[in-house]
Every structure is written in structure tokens, then in C-alpha cells.
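Okay, thanks for having me. Let me put the model up, and then I'll walk you through a few parts of it.

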Amino acid sequence: MKKGVSIILLLILLWGVVAALSEMPFGKAKLEVAGHYTDYGKEDTGAANIVTSVVLGYRGFDTLGEVTVLFLACIGLAVVLSTLKKQGCGARQTPSLILNTGFRFLFPLILLFGTYVFMHGHLSPGGGFQGGAVIASGFVLMYLSVPKIKRLNHFVSTLFESVGGLIFLVIGLIGLKLGSQYFLNNFLPNGEFNTLLSAGIIPVIYIAIGFKVGSELSKIIDVLLEESE
Amino acid sequence: MNEIMNLNPVLLIAVPIGLAMLVPILGLMSSKIVKWVPVVGFLFNSVVSLAVLPRVLNQPIIVKIAGFAPPFGINLVAGPVGMFLAALIAVSGFLVAVYSLDYIHEGAAEKYHILFLLLLSGATGVVLTGDIFNLFVFFEILCISSYALVAYLGNRSGIEAAVKYLIQGAIGSSLLLIGIGLLYGQFGTLNMADLAQNITSFSEPSVFVPMILMVTGLGIEAAIFPLNAWLPDAHSSAPSSISAVLSGIAIEVGLYAVIRVVFTICHVTGSFFVFLVAIAVVTVLIGEMSAFGQKNIKRMLAYSSIGQIGLILFAFSLATEFGVSGGLFQMLSHTLGKVLLFLSAGYMIYRTGSMEISSFEGVGKKMPWTALFFTIGTLSIIGLPPFAGFSSKFLIIKAALAKGDLLYILLMGIVLLGTVIEGTYFFRVVQVIYFKESNNKTEPEGPPVSGLISMSVFAILVVLIGLFPNAILKILTTAASELLNNLEYIRSVLG
Amino acid sequence: MSFLQNYAYYTGAFGLILIGLFIMMTKRNYIKIIIGLSILETGVNLFLIAVGYISGGTAPIFSRSGITAEKMVDPVPQALVLTAIVIGVAVLGMALALAIRLHKHFGTLNLLEIREQRW
């Protein structure tokens, strides 16, 4: 009964979507807005990576919301899991020699790679979110191999989280106060195209986001892991 | 004063988000100041939005984020509708924050204040933004913080309700995103005004299908009839201050988004409104009839919210100037009335220790002020003069009669029947509060000062708006013309 | 055949979306519902990316010389998907945290057995 109803609903959805998709063939040429971004994005924001110029330039406000959503998820997870009584830690397998050695060797490299990804967000594929996710994967490795005492310091991660977000907002507000009066306005010089120090505020914001996302994702894993022990 | 009037409306969103991110740092220094942060934030928002509101009545303020002209950048449209709702959110947020000062004393209070700030900044973002994907982002901020706040108390019912809410909400946001993707694929733009300009007819499948997807996705949050299964559980399981915000603001923001899609982006005309009116009438009946059988006060109030949402949708679907301004007026009076009811019920539940209506016997003598505020809220929601609910319901009836169509008059009769049911069950509660002697001899004390201040301001607002409805009627008619006349909207955004 | 060639990505994306929705509507185990949600989100993201594709296009990055704006695919859906992924992570994280709490409270993840609140 339930399956029948859902199949009928989904078929109606499919039929509607097919009707709508017939108006938009796959792989057709760009329309007005996208064309403007690829044609003028270089001059407007100074970033070689046009996706970055959309993410932090034209649609920077979405990214502020996105950063807020991640912050929210971190807080929400802590709320949902905070009032639980801690149960006794179950027996946990001691990590093997391979994991321990591999962790010591790989951890700095992962952090370095993550940093590279978020610092070059305006030049190559990547950015703050991707770099932060890479860094968080390093911390997952740490959780697997290091016993609980040496875990992430909550004070430091809270500080990174809040300061990262606040830097983004403050940069936006400086743009509002300086010169052109627009929130998130690019008030730094664009610099030489396709070099590390270019694209004005974009690398600064991406570095802040990188730290923030890295510490937030690690914290989410930390909170979930604490519960499962 | 002049400087406040010229402040940028983007601050209404940026300041609460910034304060929310500041709270963890403040919490490291002192846990006492944290609870004042939402109060400060929404006091700022109330002052700014009320100061800017008169200015936008003549000319909407188009805020270009990062200085890119629409449709290339994201823009905020601080028009009459947006600013009116933003002011409503800010003022109720401020008063509920004052109420929370002493009400929230269990659980992770610091995180409660962060989530509360983010919930309302998400709501403000939804009503102010002029970009459909940005609306989705702020909508998700609103939804995710509601999921977390419903589960805030961490008890069995809270977790169960949050799980149901999350499953349905997640399906809703995915449908919304598919709709946005389909619209982008055809028109290559995400700006609402630009979309509205490109859409010539809403009845072609290429526009109709995304519209239905978006209305369904947003309708889950707005609790329109077949999509409202999550609401009574979620609204009754949260702490009372949050139930107040969810019932008074969150679902109305969902409804605003539906209205924005239907009126401004797709510019719907004709028979689709008949469909919406039918759904609205069913929503009213289902909500009021379910509320009638409830013994739990918070579930009763939650079901009554479904009925009220139906009434608001009914008013909007009349699609006349009277109807739309009546709907906006009903939003205002529902927010004030329902928040007042939840807040006063919150302390009655707290002092008697039970959510059962029967346990409120004798509360009228023991907690006279709280009982009085509850009664004022009741009378306003039912729609008796001289309270705010009367003026708004009167406007809606006038709008339905002005349609002149027998069908609408008939449907209006059914809606009025819903109001009669509403009156019956609300009076039953008032009767229990005042006219039943309690066997229980313990002396419940009244609420603390912060709670009394917040509830009394709501009660005063309900009475004042009921006595002088003409004062805000100008705002409402300007807002209605913004919604009905989407050419005006397009022109003011795109120039 | 030409239909599949033209619409392969759309077919795949909506296939995932329908599978995800079907799981969420029919399954009663909460973990399975979360898996369905994850599939649904993947499908939506794939659909958004497919919307932005342009025949013969390349990544929208001016890193090497010789790349011109005409050859680039639409950058907007990629930016949107970045946002959608992050939002998806947030929702999934919340869902999993609730799953832990649900299991501690009720001792089961079967939603049919968890029905204390009714209309």
C-alpha cells in the first residue's frame, strides 16, 4: 500500500521533471549571467578560478550563509548529544604499529596539503571548504591512532571556529565602511593576475574559512566519536 | 536618528550572525553575559528595522552585496513586505530573548542562545533576500536550527519529534533545490526579479513543474495541509520559548516564501488560486478539528497554528489587495497572539509541572497576571474585539465578500466555522483556568520579572493594534501592492 | 540511443533522486532513511552539475594560457553545489547525532516501534 502510493507519487514527479527537462537540452550554451562571469570574472574579482570568483565574489553572501550552516551544525550536534550521560568507555582495540607510524608520517603532509589547497583557492581547483575537509581528514587519522587524552583541544578549536567566522564578517563590514559602501566589497588591490597574492580579499577569506572548516569538521567527528565510545 | 535610518539593511542579517559566532568566545570568558547577547542583537535589529521601515514604504532599498548589480550579484530587497516581516521578527525575537533570560536554566544554555540567534537571522535572511538560491541557504539555516532546538531538551518526545521533523524537512529542501535547478537550467539566472521578468506564463510545464516542487518544498516548513504531519510533535516538544518562535515566526516565514514564489516569481493567475483556496480551507478545518480533541495545552496551540496558517493562506489566495493585506495583518496578529499564548503557557506549565489542560485548575487565582495574558492571547486569536485578531479577521471577511463570488462566500463560511471551533476549545481552557477550584493547595508563584515584562509588552501590542488598526494599514496596503504587482518589483530591482 | 546520449546525466541524477526518495518514503529503519537522504542529496548535486555543462567545455579556470572564456562550462552550478554539499553535510550530521540519541532513548532505530506521539 505504502509502496504503491510512493511509486505513484514518484512517477508523477518523474513525468513532471521529464516535461520540464524537455525545455533544457543537455550541454547547451551559457546564458546571460554565466557568460558574464566567465567573460568579466577575471577583471571583476582578480581570481583565476572563476568558480572561486563566483563563490566569494559574486555570490559571497551565500558563502557567509554556508559558513553559518556549518557552524550551526557543529553547535546543533553538541546540543543534541550534550545532555547524554557518559557511559563507561567500551574496550577499544589498541592501534597497530602500521597505523601509528603511518599517522606520524602522514599527518604533517595532510595538513600541508590542506593548507596548500585553501591558500591556492583563487588559482586552482580547491578553496577553503575543500582544504578544511582535507585537514579534518588528517584529524580523523589522529583520532584513529592516538588515545583519547591527546585529542583536539576544545579551547583551540572553539577559538579557530569563532575567529574564522568573525574574520569573514569583519572583512565584509570593512567593505561596507570603506569607499564604495557595499557589504563584502573587495577593498584590497587585485594584484598581479594568477599569482598567490592576488584577488584582493578572496585569499584572506579562504584562509579564514579553511581554518574554520578544518576545526569544525574535526569537532563534529570528535563529538560523534566521543558518543560511540 | 537620521544615521540609524540610513543604516544598511544587510546589518539585520550580519549582526545576529556575527553575535552568534562571538558567543563561544564570550562563553570562554564569562557565562553570565552570554544570555544578554540575543537581547542586545535583537534590540539592535528592532531599532534598525523600525527606523528603516518608513523609508522603504516610498521606495524599496536594493542592497547590492559586494557591489555587483543584479542579476550578477546577490541583492537584498528591503521592500515593504520584507521590512515589515523583518521588523516583526526582530521585535518578537527581542521580547522572546528577554523572556528566555530567566526561563532557560537547564541544558546547554550557551548553545541555546546561539541557535536562537541563528534561527531568527535565518528567518530575517529569507524575508529580505532577492535571490532564490540565497533564500534556500537562509531557509536551511532556519530549518537546521529548528531541528536542533526541537531536540534541545533531549527527552524522548523531543528526539522523536526532531527525527520526524528532520526527515520531512530534508525531503522538502531537496525538492526546493531541484526546483531551483530546473529554473536555473532554463533561464540561467537565480535573481528573483530577473526570473520573474523571464517567466511569461506560469502554466507551461517548464515553469509549472519547478513551481510545484518549490511550493511543496517550502510548504513542508509552512505546514500547509498534507505536509504538516511534523508540526504538532515538533512544536509541543521544544522549550516553550522556542515553540513560540517556531509557531509564531518559522512557519510564517515558510508561508512568506511560498507566497513570494507564487506571486512574484511565477506571477500566478486564475485557477491555481482556487486550488490554493481549497487547500487553505482544508488546512483550517484539519487544524481546528484536531486541536479540539487535545488535552495537552502545547499540542492544542500547535494545531491551532495549523488552522491559523490555513486562514492566512486563504487570505493570500484571494489575490486581491484586501485579501493580501488581510493575510499580512493576520500574520502580524497571529505572531503576537500565538507567541503570547506559548509564553504564558510556558510559565503555567513550569509552575504546575504538567502540560495537561486539566492541571491548570485554579491557575487564574494563583498566577493572575499570567492567566490574564493567556486570556488576552486567546481572545485575540479567536478574533474578538478590541484585540488585533479581530481587525485582521474582519479584513479577511471583507476581502472574501468583496470577491462577490458565491464560492468564496461559501468557503469563507467554512473558515468561520473553524473559528467557532477555535473559540470553543480556547474558552474551555479559559474556563478551567478561572472557574475551576483546585484541590491542590500548593502555592505556585508568578513568573519572574523578565517574563512578565516580555508578556505584558506582547499583550499591550495586541490591544494597541486592535484599537488602532489604521496605523499599520498603510504599511500593509503598500506591502500588498508589492506582492500583487510584480512588474513594480522587477522595475525596482533591475532598474 | 540519442536520448540516452543527450540525457545520460539527467537520467542518472534523477535515477538517484527517485531511489533516494523511494527509500525515504518506504523504509522504516532510521539508518536506512539517512542512507536514502544521502543518495537523494547526491542525486540533486549531480543534477545541478549536469545543468551547468556545456558541450565540449572545460573547467572554468584561467590557469594555463590558451583557455578562453568561450570554452568554459557554467561556473554557477559548481558554486551552488559547493554550498549544497556543505548544507547536506550539516543535515546528515544532525541526522546521525539524532540517531545516536534515538537509540539510547528507545533502544531501537525502527520508526514503527517509536510512536509515542500521535495525532
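**Cysteines, interface, patch and salt bridges**

Let's start with Cys143(B), which counts as buried because its relative accessibility is 2%; buried is under 20% relative accessible area, exposed is over 50%, and partly exposed is in between, with a 1.4 Å probe and protein chains only. Quick housekeeping: this is a predicted model, where local features need pLDDT of at least 70 and side-chain atom pairs count only at pLDDT 80 or more, while totals for chains, interfaces and linings use all residues. Residues are numbered from 1 along each chain as its sequence is written, chains are lettered from A and ligands numbered from 1 in the order in which they are written, and side-chain values use heavy atoms, with hydrogens and water left out.

So what is the closest cysteine sulfur to that of Cys143(B)? That would be the one in Cys74(A), 19 Å off and therefore too far for a bond. Cys74(A) is buried as well, at 5% relative accessibility. Searching the whole structure turns up zero disulfides over all chains, a disulfide being a pair of cysteine sulfur atoms within 2.5 Å.

Next, chain A. We get eight helices and zero strands there; helices are DSSP runs of H or I with at least four residues, strands are runs of E with at least two, and the numbering goes from the N terminus. Of its 229 residues, 54% count as buried. Chain A exposes about 10300 Å², and carbon and sulfur atoms supply 71% of that, with areas from the Shrake-Rupley method, a 1.4 Å probe, and only the protein chains shown counting as cover for residues.

How many residues of chain C are in contact with chain A? It's 44, and they meet 52 residues of chain A, where contact means heavy atoms within 4.5 Å. About 4300 Å² is buried between chain C and chain A, 76% of it from carbon and sulfur atoms; buried area is the accessible area, 1.4 Å probe, that two parts lose on being put together, summed over both. Phe62(C), Leu82(C) and Arg101(C) supply 14% of what chain C buries against chain A, more than any other three residues. Salt bridges across that interface: zero. The rule there is a side-chain nitrogen of Lys or Arg within 4 Å of a carboxyl oxygen of Asp or Glu.

Now the nonpolar patch on the surface, about 900 Å² of accessible area together, with members including Phe155(A), Leu188(A), Phe211(A) and Met29(B). Patches take residues with over 30% relative accessible area and no salt bridge, joining like charges within 9 Å and nonpolar side chains (Val, Leu, Ile, Met, Phe, Trp, Tyr) within 5 Å. Helix 7 of chain A gives the most, six residues. Leu188(A) sits in the loop between helix 7 and helix 8 of chain A, and counts as partly exposed at 34% relative accessibility.

Over in chain B, Asp233(B) meets Lys164(B) at 2.7 Å, N to O, joining helix 10 (residues 231-237) to helix 7, 69 residues apart. Asp233(B) is buried at 3% relative accessibility, whereas Lys164(B) is partly exposed at 23%.
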